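Hello,

Here is the structure we spoke of handing over.

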Amino acid sequence: MASIKQIQVTFDCAEPERVARFWCEVLGYVVPPPPEGFASWADYDRSLPPERQGASFACHDPSGAGPRLYFQRVPEGKVVKNRVHLDVRAGTGLVGEERLAVLEAECARLVALGAVRERLLPADEENESCIVMRDVEGNEFCLD
């Protein structure tokens, strides 16, 4: 029997800390403490060579259940649709108007954090409603 592997989800982005802090707010994740000997991540960042400052940032699920998220600066901007798509499970187990109300409330919270609402995908015969959104750097995700 194969062993279960832990995963890390890596985001290519322009501003790793900004994007990481956005996703912390979306998912309830936390930023780990800075390395030993540093009072803050900013202090640690300033200790790096200039070309490495601000190059990466990470966060994790404080319960340990979810994957670690790693954000790395890349020189190229987002050109087309992202190839990894996160579904934020805000309405799990809910249906109809009750589900839609929960999704709309979460959408409003995330828009206040800098997300952009793209469109509502209404329920059909197979799927419940979801809301397509974009994060602070334009990566698509869904409130599901």
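**Second largest pocket**

H2 supplies the largest share of the lining of the second largest pocket, with four residues. Please keep in mind that this is a predicted model. The elements that give two or more residues to this lining are helix H1 (16-27), helix H2 (41-46), strand E2 (56-59) and strand E3 (68-73). In total, 18 residues line the pocket, and its volume is about 320 Å³. Trp 41, Tyr 44, Asp 45, Ser 56 and Phe 57 are the lining residues that lie nearest its centre. Sorted by class, the lining has 11 nonpolar, five charged and two polar residues.

**Four-stranded sheet**

Four strands form an open sheet in the order E4-E7-E6-E5, and the pairing is mixed. Strand E4 (86-88) and strand E5 (116-121) are at the edges; each has a single partner strand, so one side of each lacks a neighbour in the sheet. On average, neighbouring strands here are turned by 25° against each other, direction ignored.

The pairing of E5 with strand E6 (residues 130-134) is antiparallel and runs over five bridges. Within E6, Met 133 is the bridge partner of Arg 117.

Two helices to look at here:

- H1 packs on the sheet and touches E4 and strand E7 (140-143); the direction of H1 makes about 40° with that of E4.
- Helix H3 (residues 96-112) also packs on the sheet, where it touches E5, E6 and E7; the direction of H3 makes about 10° with that of E6.

Regards

Terms used. Residues are numbered from 1 along each chain as its sequence is written. This is a predicted model: local features need pLDDT of at least 70, side-chain atom pairs count only at pLDDT 80 or more; totals for chains, interfaces and linings use all residues. Side-chain values use heavy atoms; hydrogens and water are left out. On a 1 Å grid over the protein atoms alone, a cavity is a set of points where a 1.4 Å probe fits but cannot get out, and a pocket is an open set with protein on both sides within 12 Å along at least five of seven lines; lining residues have an atom within 4 Å of a point. Grid points are joined across faces, edges and corners, and a volume is the space filled by probe spheres set on the points. Ala, Val, Leu, Ile, Met, Phe, Trp, Tyr, Cys and Pro count as nonpolar, Asp, Glu, Lys and Arg as charged, and the others, Gly among them, as polar. Two strands pair if DSSP finds at least two bridges between them. Axes are lines fitted to C-alpha atoms, for helices over the stretch in contact, and angles run from 0 to 180 degrees between N-to-C directions. Contact means heavy atoms within 4.5 Å.
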